[in-house]
Amino acid sequence: TNDVLARAVDVRETTTATGTDNLPALSWSTKGAVSAKGPAAYLLRHQAMHQRVFRYQSRPFYVPGESNGMADDCSRLWHLSDSELVSYFNATYPQPKPWRLCHLEPGTASALFSALRCTRQPLPDTLAGAKSENTRVHGGPPILSNRTGRGSWQLAVNPSAHGLRKRLFNSLGKRCR
């Protein structure tokens, strides 16, 4: 889910890119469907509702496991406190702005846990707070209207723009050595 991003910045009418080394999850996310009932189906439902409420498109892409250092570090460095993990990222993966740790909203965490238990939550409870907290993101126009005034909020993307994924992978997906 892109919940942390959607609550931190205005993602309306944009395309987000999310890298993963989990090929089944990549396939499900790309297709937006699975062939069996189970947690993946519930997670995809949650993702679809999230995209609808926050009005963005998601484009997952593959990052080979050996090049997915940041995710590996997050999954293996449980012995570090939150501040130690942020310090580690600042030292290991430097960038112009310092890293900061963001937490999931409790309602989002609850919805994801329900999905993993294959429990369907009603729509208003699934994205608790999304409409009330973000009806106006950063003082902008209401989420349910688009900024352009056109009928569709989907943006045409030039195929050459997809080459940005490789640059994104090279800058964020590889472990610094």
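Buried means under 20% relative accessible area, exposed means over 50%, and partly exposed lies in between, using a 1.4 Å probe and protein chains only. This is a predicted model, where local features need pLDDT of at least 70, side-chain atom pairs count only at pLDDT 80 or more, and totals for chains, interfaces and linings use all residues. Residues are numbered from 1 along each chain as its sequence is written, and side-chain values use heavy atoms, leaving out hydrogens and water.

**Stop 1: the rings**

Select Trp-99. Trp-99 has a relative accessible area of 23%, so it is partly exposed. At 8% relative accessibility, Phe-89 is buried. The two rings have centres 5.5 Å apart and planes at 80 degrees, so the pair is edge-to-face. Rings of Phe, Tyr and Trp (its six-membered ring) pair if their centres lie within 6.5 Å; planes under 30 degrees apart are stacked, over 60 edge-to-face, the rest tilted. Phe-89 sits in helix 5 (residues 82-92), and Trp-99 in the loop between helix 5 and helix 6. Helices here are DSSP runs (H or I, at least four residues), numbered from the N terminus.

Finish with Tyr-88: ring pairs link Tyr-88, Phe-89, Tyr-93 and Trp-99 into a cluster.

**Stop 2: the lining**

Select Tyr-42, Arg-45, Ala-115, Thr-119 and Gln-121. Of the 11 residues lining the largest cavity, these lie nearest its centre. A cavity is a set of points on a 1 Å grid over the protein atoms alone where a 1.4 Å probe fits but cannot get out; lining residues have an atom within 4 Å of a point. Now show helix 3 (39-54) and helix 6 (106-116), which each supply at least two lining residues. Helix 3 gives the most, with four.

Technical notes:
1 Å grid on protein atoms, 1.4 Å probe; cavity = no way out; pocket = protein on both sides within 12 Å on 5 of 7 lines; lining within 4 Å.
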